[in-house]
Amino acid sequence: MKKKIIIANWKMKLMSAESAGFVEEFVKIYKSNKKMEAVLCPTFISLQSVAAQLKDKEIFLGAQDCFWEEDGAFTGEVSPKNLKELGCRFVIIGHSERRSHLLETDEVVHNKVKAALRQGLVPIICVGETFEERQEGAKDFVVMNQVTKAIEGLELDAEDQLIVAYEPVWVIGSGQAVAPEEAEHTHQVIRQVLIDHFEPATVKERVRIIYGGSVDSSNIKDFFAFQNIDGALVGGASLEPETFNNLIQQASQVN
Ligand code: PGA
């Protein structure tokens, strides 16, 4: 059985000393369990030191982005090969903040997903509609299109895993998540797109669909109660070790 997963996306919010302080506390209070994986995604700058702190702990490391080439003349970029070398297992790709501020296109996202898989990293592909797209009734279409473009032509080898994070852009950081029933519906739509592309068994065993957007310890159980919600991508509620640990403990209580 696939484990559920909870991923902390610290964005550009925790500086290096704050990241170190978080991990120091978190490793003391976090109890790993068979049902759940926990992942921390600090900034690039903090990856190496957080990796050292997480050594021999059952907590995974992820990056918030990567480039689509392994090496070469790409000033300022960070290679998935380098992330792997630092001990990352996961990498967030195509977060809506990057799509809007850095103008990342579906093609860029696709290339990054391929590059991450080549290194044996698990891509966390972020998709989601804006408020305007939702008002126009285009939500499912937008999400289906983003997922399709990200995985077009892709095959998953035996060891490969993939995560799709459904994050409605308009609820990120708002303190107001969408109704879990609605997220479940969108996750079903995403699962169908994945099944149309990969073998159903592959999707069942190696692809997780997680929800992100104002998840906290008060609503996590409601999301995890749904069959098609395999985890959560958490921003604001992942910045304090006690708060994040509490959220994971709540989620662990759901069967
Ligand atoms: P939030 O962010 O939990 O603060 O809404 C989630 C995300 O952007 O991944």
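**A buried lysine and its surroundings**

Author: Lys-11 has a relative accessible area of 16%, and because the cut-off for buried is under 20%, Lys-11 counts as buried. Please keep in mind throughout that this is a predicted model.

Reader: Where is the place of Lys-11 in the chain?

Author: Lys-11 is found in the loop that runs between β1 (4-9) and α1 (16-29). If its neighbours within four places in sequence are left aside, Lys-11 is in contact with Thr-43, Gln-64, His-95, Glu-97, Ile-172 and Gly-235.

Reader: And the ligand, which residues surround that?

Author: Lys-11 is one of them, and the others are Asn-9, His-95, Glu-167, Ile-172, Gly-173, Gly-213, Ser-214, Leu-233, Val-234, Gly-235 and Gly-236. Sorted by class, this shell comprises three nonpolar, seven polar and two charged residues.

Reader: What lies how far from the ligand's oxygen atoms, taking Glu-167 to begin with?

Author: A polar atom in the side chain of Glu-167 is 2.6 Å from an oxygen atom of the ligand. For Gly-236 the atom concerned is a backbone N or O, at 2.8 Å from a ligand oxygen, while for Asn-9 a side-chain N or O atom is 3.4 Å from an oxygen atom of the ligand. The ligand taken alone exposes 280 Å², of which the protein buries 96%.

Reader: Changing topic, is Arg-208 buried or exposed?

Author: Arg-208, which lies in strand β7 (residues 207-212), is counted as buried because its relative accessibility is 4%.

Reader: Which polar partners does its side chain have, Arg-208 I mean?

Author: A polar side-chain atom of Arg-208 is 2.8 Å from the backbone oxygen of Lys-3, and the side chain of Arg-208 also makes a polar contact, at 3.2 Å, with the side chain of Glu-37. Beyond its neighbours within four places in sequence, the contacts of Arg-208 include Ile-5, Phe-90, Gln-161, Val-164 and Asp-230.

Reader: Now the largest nonpolar core: which residues touch the most other members?

Author: That core has 64 residues, and those touching the most other members are Ile-6, Leu-40, Leu-194 and Tyr-211. Apart from it there is another core, of 13 residues, among them Val-122, Ile-124, Cys-126 and Leu-233.

Reader: What is Tyr-211 in contact with, then?

Author: Leaving out its neighbours within four places in sequence, Tyr-211 is in contact with residues including Tyr-166, Pro-168, Val-171, His-187, Phe-223 and Leu-233. Leu-233 is also one of the residues that surround the ligand.

Conventions:
Residues are numbered from 1 along each chain as its sequence is written. This is a predicted model: local features need pLDDT of at least 70, side-chain atom pairs count only at pLDDT 80 or more; totals for chains, interfaces and linings use all residues. Side-chain values use heavy atoms; hydrogens and water are left out. A residue is near a molecule or strand if one of its heavy atoms lies within 4 Å of it. A polar contact is a pair of N or O atoms within 3.5 Å; within protein, one must be able to donate a hydrogen and the other to accept it, and residues adjacent in sequence count only if both atoms are side-chain atoms. Accessible areas come from the Shrake-Rupley method with a 1.4 Å probe; for residues, only the protein chains shown count as cover. Ala, Val, Leu, Ile, Met, Phe, Trp, Tyr, Cys and Pro count as nonpolar, Asp, Glu, Lys and Arg as charged, and the others, Gly among them, as polar. Helices (H or I, at least four residues) and strands (E, at least two) are DSSP runs, numbered from the N terminus. Buried means under 20% relative accessible area, exposed over 50%, partly exposed in between (1.4 Å probe, protein chains only). Contact means heavy atoms within 4.5 Å. A nonpolar core is a set of buried Ala, Val, Leu, Ile, Met, Phe, Trp, Tyr and Cys residues joined through side-chain atoms within 4.5 Å.
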